[in-house]
Amino acid sequence: MFVDKVVIHIKAGNGGDGALSFLRDRKTMNGGPDGGDGGKGGDVIFEVDKNSNNLVDFYYQKHYRAQNGENGGKHHCAGKAGEDLIVKVPRGTIIRDKETNRIICDMFYPDDRYTVLKGGLGGRGNQNFATSTRQAPAFAETGIKTKEFEVVLELKTIADVGLLGFPSVGKSKILSVLTSAKPKIADYHFTTLSPNLGVSNYGGKTFLIADIPGLIEGASEGKGLGFQFLRHVERTKILLHIVDIAEVDGRSAIDDFKVINEELERYSKNLVDVPQIVVLNKIDLLDGDMTKVEEFKKQYGKDYKILTYSAATREGETELLQTIVEYLSKLPESKPEEVEIFQLDKRDLTKFEIIKHGNTYELVGDKIDEIIRGVNLDEPESFAYFQNRLRDEGVMERLKQKGLKDGDYVRVKTFEFEYWE
């Protein structure tokens, strides 16, 4: 089964909690705080798999979670960091945020590696909160808990040359002749059910050829098999438009060529600009009568490079390979899609919002989540630390600017306290 688009769930590891601990042993009855820090959670990293051209594995496994960081321990022991999760995808895979459809990264180059989600930071143990006036802090931070996201994996094959044309025009046969690929070949429509790749070498130049499953009229509107594979044409540098000049199936070669180009234009205006080399295949079946070849050249010869070829006898193969190499030598290297990369789970620890409900002021935002992380608001020392953070971070000043006065209430999450100067 070939899969080139799938939705999966990814989650970075949670940060481990900091430890709340005090030194206690036979020689020390009332030692100081010795709670260690929690370990960082593992990242989710996408990496190109050079040996894959299919997303089928992701069809069966949908959930990918990095390892959580371990909690801190006593005696100043820090928790172990969680292991990163390496997710391997075929080259050409575009990763999008499902909610916004924005591109997170384009796995375009063979050595591409992107950290898509970062693991949560570990919480600080109570050893970090000891001061000259707070010698026995009875609180510690929790690790940052990460969110789970849905992402879309969309494979767009990266090849130098794409074979294009109606079903049964000989694309798979040409691929098998020009490369070492061994695609399924038979005398019926839609033999090719997924893009096949092969490597060809001529004149010291190596290039990758992709056989795109046959298109039919209406493919751009979802008809036939071609529609779901049109995305694989977008990455190619040049297109070999294969035409059955012998008209074995009773179709018109001239009309077929026109129909396929109209489908490309309907799907994407950019595809019209991709250089095409027209290959009139099956000339061995013409028995020397080149009338159809001349008619085709008369119709399209001014706008396209047209070659005659026979995949069965390999007649015209040298000229075909020379032309491919010549075209490729004049074209720039392919590049990833030019998009603004979107970062998942982006947090801005400088921002917060104040929402007023009568005489109650609610604090929300990433900055507030960071301040309150791990604070036990029912414990006096911990609550005092929290109030100091609100003052030091400028939150109290903003509250006063919003109208906070004695007797009003401040709400954070489910906790609420009365304010007095």
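Me: Among contacts between residues at least 6 apart in sequence, what share joins residues at least 24 apart?
Reply: This is a predicted model. Take the contacts between residues at least 6 apart in sequence. The share of them that joins residues at least 24 apart is 72%.

Me: How many helices and strands are there in the protein?
Reply: Both kinds of element are present. The count is 8 helices and 18 strands.

Me: What percentage of the residues is buried?
Reply: The protein has 421 residues. Buried means under 20% relative accessible area. Buried residues make up 49%.

Me: How much of the accessible surface belongs to carbon and sulfur atoms?
Reply: The accessible surface of the protein comes to about 21600 Å². The part that belongs to carbon and sulfur atoms is 46%.

Me: Which strands are the edges of the open sheet of 3 strands?
Reply: The strand order in this open sheet is β4-β2-β7, and the pairing is mixed. An edge strand pairs on one side only. The edges are β4 (85–90) and β7 (113–117).

Me: What is the bridge partner of isoleucine 95 in β6?
Reply: Strand β5 (residues 93–97) and β6 run antiparallel, and 4 bridges join them. The bridge partner of isoleucine 95 in β6 is cysteine 105.

Me: How do the residues in the contact of α3 with α4 divide by type?
Reply: α3 packs against helix α4 (residues 291–300) at an angle of about 35°, with the axes 10 Å apart. From α3 come Ala253, Ile254, Phe257 and Lys258; from α4 come Glu295, Phe296, Gln299 and Tyr300. By type they divide into 2 charged, 1 polar and 5 nonpolar.

Me: Is asparagine 261 buried or exposed?
Reply: Asparagine 261 is placed in helix α3 (residues 253–267). Leaving out residues up to four places away in sequence, asparagine 261 touches His241, Gln276 and Tyr304. Its relative accessibility is 15%. The cut-off is under 20%, so asparagine 261 counts as buried.

Me: Is lysine 282 buried or exposed?
Reply: Lysine 282 lies in the loop between β13 (276–281) and α4. Lysine 282 is not a glycine, yet has a positive phi of about 70°. Because its relative accessibility is 17%, lysine 282 counts as buried.

Me: Is aspartate 287 buried or exposed?
Reply: Most residues other than glycine have a negative phi. Aspartate 287 is not a glycine, but its phi is positive, about 55°. Aspartate 287 is found in the loop between β13 and α4. With a relative accessibility of 73%, aspartate 287 counts as exposed.

Methods
Residues are numbered from 1 along each chain as its sequence is written. This is a predicted model: local features need pLDDT of at least 70, side-chain atom pairs count only at pLDDT 80 or more; totals for chains, interfaces and linings use all residues. Side-chain values use heavy atoms; hydrogens and water are left out. Helices (H or I, at least four residues) and strands (E, at least two) are DSSP runs, numbered from the N terminus. Buried means under 20% relative accessible area, exposed over 50%, partly exposed in between (1.4 Å probe, protein chains only). Contact means heavy atoms within 4.5 Å. Accessible areas come from the Shrake-Rupley method with a 1.4 Å probe; for residues, only the protein chains shown count as cover. Two strands pair if DSSP finds at least two bridges between them. Axes are lines fitted to C-alpha atoms, for helices over the stretch in contact, and angles run from 0 to 180 degrees between N-to-C directions. Ala, Val, Leu, Ile, Met, Phe, Trp, Tyr, Cys and Pro count as nonpolar, Asp, Glu, Lys and Arg as charged, and the others, Gly among them, as polar.
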